[in-house]
Amino acid sequence: MAVDLGTGLERLAWARTRMNWHRLVYGRFARAAPTGTLDAIRTATLLIGHGITPAARGPGGITRRVVGTISPDAVPLGVSAFVRTSYDYWSLFGPLSVSWPAVVAAIEKELLLYSDARGKLSRSAGRHP
């Protein structure tokens, strides 16, 4: 619901200003990473900020899948700056129950798990004929 509210308000802002959509939605980060990565970080910030932590199943499984779409190559220095911006945006609609540093830690932990899993898969793939 909050995602729809946020998008609806962004559409109203766009209609009023006719500002470039990517610049309006992502601000100074519009060209920092692919759109899919930026969307995933914003969505993960909303989910984790409301206490839906990555997990194997249920709502946490959705959070894990969202974080899994973040390209580690697109965020080599981490996600902190964009999470803070997204966190501030989502906080306009109501307080988030998890602090932004905890959101960053959860996202970066998942990214590390994905990166480790990908590395193990590629190493094991090289061993099999």
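**A helical protein built around H3**

Eleven is the count to start with: 11 of the 15 residues of H3 are buried, so this helix is largely enclosed by the rest of the structure. Buried means under 20% relative accessible area, exposed means over 50%, and partly exposed lies in between, with a 1.4 Å probe and protein chains only. Helices here are DSSP runs of H or I with at least four residues, strands are runs of E with at least two, and both are numbered from the N terminus.

A word on the model. It is predicted: local features need pLDDT of at least 70, side-chain atom pairs count only at pLDDT 80 or more, and totals for chains, interfaces and linings use all residues. Residues are numbered from 1 along each chain as its sequence is written, and side-chain values use heavy atoms, with hydrogens and water left out.

Now the whole protein. It has six helices and zero strands. Along the sequence the pattern reads α-α-α-α-α-α. Of its 129 residues, 33% count as buried. The protein exposes about 8000 Å², and carbon and sulfur atoms supply 60% of that area. Accessible areas come from the Shrake-Rupley method with a 1.4 Å probe; for residues, only the protein chains shown count as cover. Contacts tell of the fold too. Among those between residues at least 6 apart in sequence, 64% join residues at least 24 apart. A contact means heavy atoms within 4.5 Å.

Back to helix H3. It covers residues 35-49, which makes 15 residues. Its reach from first C-alpha to last is 21 Å, close to the 21 Å expected at 1.5 Å a residue. The expected span is 1.5 Å times one less than the number of residues. Which residues of H3 are buried? They are Thr37, Leu38, Ala40, Ile41, Arg42, Ala44, Thr45, Leu46, Leu47, Ile48 and Gly49. Just after H3, Gly51 takes a positive phi of about 90 degrees.

Val98 and Ile48 are 50 residues apart in sequence, yet their C-alpha atoms are 7.1 Å apart in space. Leaving out residues up to four places away in sequence, Val98 touches Ile48, Gly49, Gly51, Tyr87 and Val103.

Is Val103 buried or exposed? It is buried, with a relative accessible area of 0%. Val103 touches Thr45, Ile48, Gly49, Val83, Tyr87 and Val98, again not counting residues up to four places away in sequence. Val103 and Ala44 are 59 residues apart in sequence, with 8.2 Å between their C-alpha atoms.

Further along H6 comes Leu112. At 54% relative accessibility, Leu112 counts as exposed. Its C-alpha is 8.5 Å from that of Pro72, 40 residues away along the chain. Leu113 is partly exposed, with a relative accessible area of 42%. Between the C-alpha atoms of Leu113 and Gly68 there are 9.6 Å, and in sequence 45 residues.

Last, the largest pocket. About 190 Å³ of space lies in it. Of the 14 residues that line the largest pocket, the closest to its centre are Phe29, Ala32, Val75, Gly78 and Phe82. H3 and H5 are the elements that give two or more residues to the lining. H5 gives the most, with three residues. By class, the lining has 12 nonpolar, two polar and no charged residues. Ala, Val, Leu, Ile, Met, Phe, Trp, Tyr, Cys and Pro count as nonpolar, Asp, Glu, Lys and Arg as charged, and the others, Gly among them, as polar. On a 1 Å grid over the protein atoms alone, a pocket is an open set of points where a 1.4 Å probe fits, with protein on both sides within 12 Å along at least five of seven lines; lining residues have an atom within 4 Å of a point. Grid points are joined across faces, edges and corners, and a volume is the space filled by probe spheres set on the points.
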